[in-house]
Amino acid sequence: MSWDEKLLKQAKKIIKLYPQKRSALGTLLHLAQSKDGYISDDSISVISDLVGITEVQVKSVSTFYSMYKQEPTGKYLLSVCKSISCEINNSSEVINKLQEFTGLNNNETDEDGLFTFEAVECIGACGGAPAMQVNYETVEGLTAENAINLCSWLKEKQPDIVVADDMQKDFGGVKSFDWAIKDNSGATSNAPGFQTLKTTKAKK
Amino acid sequence: MSDKVNLNVNGIDIQSDSNKLLIEACEDSGIHIPRFCWHKRLDPVGMCRMCLVEIETPRGKMLVPSCTTEITDEMVVDTESDVVKKAQEGVLEFLLINHPLDCPICDKAGECPLQDQTMAYGPGESRFVEEKRHFEKPINISEIILLDRERCILCARCTRFSDEISGDPLIEFIQRGNKTEVNTFPNEPFKSYFSGNTVQICPVGALTSTSYRFKARPWDLKSTRSTCNGCTMGCSIELNSSQNKMLRILGVDNDSVNQGWLCDKGRYNFEYLNSEKRLKTPQKSVDNNFVEIEIQDVYSELTEIIQDRKTKINFLLGSNLTNEDYVAFREFSKSISDSEQTFYLNDDLLYKGQFGQNNELAKIDDLNSSDAIVVWAEDLKEKMPVLYLRVRQAVKKGVKLIVFGHTNETLTDIADVFYGKETVSKNFEIIKDVSKLNEIKNYVVGKNITAIIGKSTPQQSDESIRELSEFLKSNSNTKILNTYTKGNTYGAFQTLENIKGTKDFVDDISSENTDLLFVVGADPVGRSFYSNEIKSILENLDTVVSLDIFNHETAELSNFVIPVSSTLGEKEGTFTNIEFRTSRIDKLVPSPGQSISDSEFITSLMNFAGLSNDINSLEALNNKAFESIENSTRPVFDNLDKPSNLDGIINISDPIITTSENSSTKALFYTGEKLYGDSVTERHSESISLLGSKKFIEISQNIVDKFNLTSGKCSMVQDDMEVTLSYKINDNLPDDLIYIPINRRDLNKFNFSKEITFLPSRVEEALNVN
Ligand code: SF4
Ligand code: SF4
Ligand code: FES
Ligand code: FES
């Protein structure tokens, strides 16, 4: 079907990591997302064959979790936290301004396929609130202004890899805690960066 | 295991088996707790919270869902406290938030748990003023099932059923939170042999069937309990009618048989009852045309024939007669002649079976208590769908399943061991030394076995089946479930003697030994492995009398066609299932026109002809049927109608089957039947006809190569016959074997003991040329 040899090989490797085939489902969905930017029905059919459950069962899981996208997203998935700590620290301004800048409502993608905007629940960076993520790479201690600068930069440079440390340095503020060692590997798509999935790569 | 536990519910001390859920323990003691998602045949999920009750805990009173709470000793429970009532009101208020409340146009209204429990436990008024969520009103999730997602309360009964019970989870929850809906995968409809069960257990009107949609209100329904005669499982059913029309069949929970479930064929193959095409008047063939005739004239013409002492009479009986009907034919034959009468059943697979003293026969419940189940029979899911469910249930409990032969395809998914083409040859013989098979050594030898054993296809030799049974019997503690699949076959076994099948009919019957043939509820010309042979026999007989509910190919060859009542819903009597369990067949609707029951026809004929008889009432027939069975378990009406016997009474019998030995060891084809076909009743049941009886064959890869087939379609050619159909490659088939489902018109007209040629479809050829 629609997965090439390479991807299928990767999938089979992932399946071997689990005691039961079906336990690999979540990871395989991430893999599917890294391929298309969303979970296509085609990928669902492939995964259903691979793990031996029905297509609708795969669909059920993939639509339950909001990190599995049901539609193609833009090159950069902007996820701004709207939960309590960030809200107290004025995330609503970040949200409003970013929406203004991108012209997007919640869960919308622009016509050029560059940005998808979403306001999300806590992303675990409360200490550095308000926070947001670009393709799940986190930036903390934001201001509305910096958030817009970040997006302008993305729009202008359109980097293929986005790296949390870099963005934090250029656009972030107070961090929740020191992130220890420097990491120059970042996300290559709108799937979270996992080594096993090859969705992360070091920036040269 | 069965430790007793004491608990106090609402101030009353009750006792219950431990390991029960609180909701069950209360139910057993007559304390009803409202519920939506809990169903006693499904695993608990605690989805709906309707069953909240208060229990006392070390930290004070606590609300818990009684459907997921196991009882413990000394548990103190309150199911009616103010807190519980408030919780129930709250749950219902939440459930109703997004419920459309379109009861006036909902099929479920009047028998709807949501309506009923809102009345009993709900808040009096709605506080909800916002907009409810909307979905497209019903969508077809299959040809026969509709889903109205607005009405769904997300109890997961339907999804659990399809996952846990039927094992074909084609519906699931999609999305989450308040967007959650039940749905199928795009373009993967809910194609399940058991889909109707979800409609029955849906606690609201979210799942409905096209068959019953907008047909009636529950309070207008008449209903009665009966037995499905669709196969030898004999599932317990409830018939529903309104204004003398049969409208619906529901499953009844008979613990030892169907546990509430039905297959879709049993559930929906009743619609033919209301067909305009039903035979209504007796007919006689005059110069190859049928003309209507008075029933009295039929009697008098037949009387003349019968009274001629030289007349030789034979019977070809279908499987859809009641035990009482069979007895009527038996008594009729006795009254005309002293010599032993042979009764031919319309069954291509009839053979002697493993009965008698040397065989311990199994009950269906033995499946659950054995160590392993060994199957070699017709494909269970296609032929006895609810028996398949029971096998599946046993397998889930840990019973090992060992399946022989390519004929049991649908079991391969759940089988622990599948002995396919390497073990069972193209000629349906086990070609390995069974005693040397490792899994047999591990799972079978010395264990408690239930063997589901029957003939898979007409060309299989009797010996091959016997060998396997003998092996099992001598190496393990084996109970045998002899598997004949058609309707009331076991009723015929219990009531008739000298029983033979269609094969012997073809070998035995000719105008030499038969002047008058009664064909009853059977269309072998339209649907049998031996169609052609039977057709030429019938054409040569002097007088053929057909009793049936529709005209069909066999009736067309008859001299008289008598319209009769259907065993389903139109007559009273009894039915005997695969474990010799006899239960009630009941009547709910009148039969059309001048139809009478088979037994009424025969007794009237006997009276007309002045033949002495003592079977002038149904009760008399019913008594006669079971004369030899001792009083306490005799399945006569009085006994069966006792509340404790509604599930039927088992009397294991030793049938007198006198088929000649089939020693053929050469099969050119593998003919079988799929659940849905195009028999005369199926054609006239809209739901069933929608489910398709497409013509196809299954072939092994080497045949694809041999005949150079590429397009997915081919033509089957023999003499001047040609049928174009699609083929599927089936890797389970041994080389050179072709599976042909012969419950499709045209397909059974081929001669399967002769070569058939398969050509790449001519249609495709024409396309390729262009
Ligand atoms: S469709 Fe019916 S059975 Fe299925 S989840 Fe909804 S309410 Fe329950
Ligand atoms: S399994 Fe057989 S008896 Fe049961 S509902 Fe289906 S056809 Fe009727
Ligand atoms: S509340 Fe925003 S990161 Fe936790
Ligand atoms: S019946 Fe207990 S939660 Fe639904």
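Q: Please look closely at strand 2 of chain B: which residue there is the bridge partner of Asn6(B)?

A: The model is predicted, so that local features need pLDDT of at least 70 and side-chain atom pairs count only at pLDDT 80 or more, while totals for chains, interfaces and linings use all residues. Residues are numbered from 1 along each chain as its sequence is written, chains are lettered from A and ligands numbered from 1 in the order in which they are written, and side-chain values use heavy atoms, with hydrogens and water left out.

The bridge partner of Asn6(B) in strand 2 of chain B is Gln15(B). Strands here are DSSP runs (E, at least two residues) and helices are runs of H or I with at least four residues, both numbered from the N terminus; two strands pair if DSSP finds at least two bridges between them. Strand 1 (residues 4-9) and strand 2 (residues 12-17) of chain B are joined in the antiparallel sense by six bridges, and they form a hairpin with two residues between them, where Asn10(B) in the turn has a positive phi of about 50°. Strand 1 of chain B also pairs in the parallel sense with strand 5 (residues 75-78) of chain B, over three bridges, and Leu7(B) has Met75(B) as its bridge partner in strand 5.

Strand 31 (residues 696-699) of chain B likewise pairs in both senses: four bridges join it in parallel to strand 33 (residues 721-729) of chain B, and two bridges link it in the antiparallel sense to strand 34 (residues 738-741) of chain B. Ile699(B) stands opposite Ile729(B) in strand 33, whereas the bridge partner of Glu698(B) in strand 34 is Tyr739(B). Phe696(B) and Glu698(B) point one way from strand 31 of chain B, Ile697(B) and Ile699(B) point the other way, and all are buried (under 20% relative accessible area, with exposed over 50% and partly exposed in between, using a 1.4 Å probe and protein chains only). In a regular strand the side chains alternate between the two faces of the sheet.

An open sheet of three strands in chain B has the order 27-28-29, with antiparallel pairing. Its edge strands are strand 27 (573-576) and strand 29 (649-650) of chain B, each of which pairs on one side only. Two bridges join strand 28 (residues 581-585) of chain B to strand 29 of chain B, and in strand 29 the bridge partner of Arg581(B) is Ile650(B).
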